[in-house]
Amino acid sequence: MPLLRLFEADPGRAATLAFEWEDWYADLSKLRLDAAALTTLVDCAHARNLAHWIAALFAGEKINQSEQRAALHPALRAPASESVVVDGVDVVAQIAATRARMEALCRDLRSGARRGASGRALTQIVHLGIGGSHLGPLLVCDALDALATAGGDGAPNVPSVRFVSNVDPAELARAVAGIDPAETLFVVASKSFTTVETLANAHAARAWLERDPAIIAGASKHFIAVTASVAEARRFGVADDAILPMPEEVGGRYSLWSAVGISAAARLGWPAFARLLDGAHRMDVHFRTAPLARNLPVVLALAGWWNARWLGHEQRIVVPYARALAHLPAWLQQLELESNGKSVTRDGAAIDGPTAPTVWGGAGTDSQHSFFQWLHQGGHEVPVEFIVPVAAAGAGGALLGDAERQRMLVANALAQAEALMCGRDGEPLRRELASQGLEGTRLEAGIAARRCPGNRASMTLLIPRLDPRALGALLALYEHRTFVEAIMYGVNPFDQWGVEIGKALAKPIEAALAGRAAAIDGTDASTRRLVERARRLMHS
């Protein structure tokens, strides 16, 4: 049934399909869904024992069956007063101890007390990571950067932060361009401390530091390691007081809340980072305690599962109407596709039907001048999620016209959702063009070119304003939504074996390119020829 007909059939639809948490407001009424369908979806969640899985997640049970591990990211933002026992150990107590070390380190960096090999304060952080250990801190630093000099601690030395994830040599070269090695701190974030790309960049970073004769003997003062493999970090040369542990039971895409967040905490100040953790914890409490039918992560997940599994939508577009959330679509892409991009169940059985849709997007209003043409008049319907912080953040100094431009931003978000559903057609369009003097075939052609069919689904999430607590809650909301969708699909969202295959195949190719191997055996003819040609080009 067309979306507009659904509103005609149910005058209370806009209220029935609205969901609130604190002062957030989620409007699902423009989705191809009604109250009866949502009730059925909640029944499906009960049938899949979702409440049990939620309880198991927060209890620290080993719900990552393929690796026999718990998933401890909620514990990372739990208050020290709580307890989660895994294999007889209270992991919250361990996390609190690491958090205290992070806070002290932030204080030392922002006060200028922590110094490099030459005795100068460390004013520049270069964060080396990849995947979640890169995207999470990058998102938070960018989203909340206006708070960096107002972190609540009166810091005289607010470090700048640059991020490097790609093994492409140009990325590290750009990151260190124009900065002083004597004032630079590298944060190496790798759970295993063997991640190929991150360790290659770390070795290159150390070589860059050691170009300065005053640093060679004290290069370790310029590194912090965040890892679950303390021995590997020591082997690299990081001092014990600069190694921050993270639990093995935390995947990279959930690692922001761990010591991986140290770069963001140092940039923003510990009070802001603590509020980020608190916002995420508040969403945790809601997810753990609210009835499924009024549980925001659950409801959004069920709608997403319905769109992908039963309506056949292979894509989902996320458009935050806030420049501060420009990195959110990339963070979500990694979170959702690495978690739920699976085709077998937790028990190894093949799944009959689609699972996680492609996730992509961009910030509004920029997106309106790129892919929104395709959304309105293209041949595919793709559900869109509008995330709209209603009030301006208010940090960084007010400029002339801020309130007016913020109203324009919010108005554009709401108008795009309306336009996707309502479209543009019929007599109003005909009258508009006729008033411009078009007639006959020119009029008909003009109508056809401008027609927007409408009947395209979207969801809108209104957030009062984007501050650390709101951002923490937003990220936790999507983490839990991803978990619920995994339960509905029947997959394990906490492993990522598909990431490994390309890494394994890259090793013999790299050896051949380096001349350490004459040829690659046991592969296809296309790859052999590509390696041969690439090797010739490298040495031409």
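User: Where does T365 lie?

Analyst: T365 is in the loop between β11 (358–361) and α15 (372–377). Keep in mind that this is a predicted model.

User: And the peptide bond from G364 to T365, is that cis or trans?

Analyst: The bond from G364 to T365 is cis, and its omega is near 10°.

User: OK, on to backbone angles. What's the phi of N49?

Analyst: Phi of N49 is near 60°, which is a positive value in a residue other than glycine. You'll find N49 in the loop between α3 (35–47) and α4 (50–59).

User: Is N49 buried or exposed, or partly exposed?

Analyst: N49 is partly exposed, and its relative accessible area is 43%.

User: What about F193, what's its phi?

Analyst: F193 has a positive phi too, near 55°, and F193 is a residue other than glycine. F193 sits in the loop between β7 (184–189) and α9 (196–209).

User: Buried or exposed, that one?

Analyst: F193 is buried, with a relative accessible area of 2%.

User: Switching to cysteines. How many disulfides are there?

Analyst: The count comes to 0 disulfides.

User: Is C141 buried or exposed?

Analyst: C141 counts as buried, at 6% relative accessibility. C44, on the other hand, is partly exposed, with a relative accessible area of 23%.

User: Let's zoom out. How many helices and strands does the protein have?

Analyst: There are 21 helices and 13 strands in the protein. The radius of gyration is 26 Å, close to the 24 Å that the globule rule gives for 540 residues, so the protein is as compact as a globular protein of that length.

User: What does the C-alpha trace span along its principal axes?

Analyst: About 80 × 65 × 60 Å.

User: How much of the protein is made up of buried residues?

Analyst: Buried residues make up 49% of the 540 residues. As for contacts with a separation of 6 or more, 74% are between residues 24 or more positions apart.

User: Last one: how many positive and negative side chains?

Analyst: There are 54 positive and 57 negative side chains, and the centres of the two sets lie 4 Å apart.

Notes:
Residues numbered from 1 in each chain as written. Predicted model: local features only at pLDDT ≥ 70, side-chain atom pairs only at ≥ 80, totals over all residues. Heavy atoms only, no water. Disulfide = S-S within 2.5 Å. Buried < 20%, exposed > 50% of the residue type's maximum accessible area, 1.4 Å probe, protein only. Helix = DSSP H or I, 4+ residues; strand = E, 2+ residues; numbered from the N terminus. Rg over C-alpha atoms; globule rule 2.2 N^0.38 Å. Contact = heavy atoms within 4.5 Å. Lys, Arg positive; Asp, Glu negative; His and termini not counted. Charge placed at Lys NZ, Arg CZ, Asp CG, Glu CD.
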